[in-house]
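Thanks, everyone. Please bring up the sequence and the model, and I'll walk you through a few spots.

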Amino acid sequence: MSDQLDALVEGSLNWSHLTEDDLPALAELLLAIEYMDDPIEHLDLSDLNEMFNSSADQIAVVGRDKGDTVVAYAWNRYEDSGSGQAQTWLRTGVHPGWRHRKIGRKLVDWSIRTALEHHSDSISAERDLWVGMTLDDKFIGMQNVLREFGLKPQRYFFDMHKELDTEIPDTPLPPGIRIESYLPSMSEDIRILHNEVVSQMAGSRSIDKASWEASLSRSEHSPDLSWVAVSKSPGGGHEQITHGDYVGYALNSVLSEKVETGHYREGWTE
């Protein structure tokens, strides 16, 4: 974590740069926020430790009340593939008991100013900076705040969940396609395939090899539960194809440990 940028966000709380010792207190704050807001994404102490100790370029601050309890935070993570736009991903949060005091607005203001200052001092300063925050569709208030600061919706993700206690209908494969188990040796071809797919989507960008491999090294990634779709005809009938005969993929993750029944509590597929 960098301490070269000002940690002060606003005047009602005591602000300091996030340290590893602060992570348990931040996890408690997130628990209170998630209890009230019920976001799609949930982060616990192990997630925070992994984020903090990653190699990512990042800066974060926490705000404490007079009782020294962490009641607000902001966390910027910087990504730069070396080409195209540099990116800064924002995270902010305020304890439900401290809301409606414009702290959240000040956190967004601080995060964007800090991102711009950091970018101006970086080796990518000559290129454009993209700033964004992932946000559930139901959080209208924060959407409005982000719009006030010039951020625009680019793409929405709708997370669909299914309880796997009912039979899954059989879905026939298209002609000329077969399903194979994913192998780590396929990683680079699947990354190229991924980039070809997302290049057709507004607001998306290609992922570089280092970032792709980092995403696949997460502890929850489950290659033994992942699959690829392969064309039986060379090149899949696509003259410009550059990823072998792969035409689709499902990279799956397990998000929690097995419970007493021997089944996983939750999984994720993309």
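How many aromatic pairs are there? A search of the whole structure, which is a predicted model, turns up two. Take the rings of W212 and Y249. Their centres are 6.4 Å apart. Their planes meet at 85 degrees, and over 60 counts as edge-to-face, so this pair is edge-to-face.

Where do the two partners sit? W212 belongs to helix α6, residues 209–216. Y249 belongs to strand β8, residues 246–250. They are 37 residues apart, so the pair links distant parts of the chain.

Buried or exposed? W212 has 4% relative accessibility and counts as buried. Y249, at 25%, counts as partly exposed.

Another ring to look at is W98. The charged end of R101 sits over that ring, 4.2 Å from its centre.

Now to the strands. Find β2, residues 57–64. Seven of its eight residues are buried, so β2 is largely enclosed by the rest of the structure.

Which strands pair with β2? One is β1, residues 14–17. β1 and β2 run antiparallel, over four bridges. There, S16 stands opposite V62 in β2.

Another is β3, residues 70–79. β2 and β3 are also paired in the antiparallel sense, over eight bridges. Here I59 stands opposite N76 in β3.

Definitions and conventions:
Residues numbered from 1 in each chain as written. Predicted model: local features only at pLDDT ≥ 70, side-chain atom pairs only at ≥ 80, totals over all residues. Heavy atoms only, no water. Phe/Tyr/Trp six-rings, centres within 6.5 Å; stacked < 30°, edge-to-face > 60°. Helix = DSSP H or I, 4+ residues; strand = E, 2+ residues; numbered from the N terminus. Buried < 20%, exposed > 50% of the residue type's maximum accessible area, 1.4 Å probe, protein only. Lys NZ or Arg CZ within 6 Å of the ring centre and 35° of its normal. Pairing = 2+ DSSP bridges.
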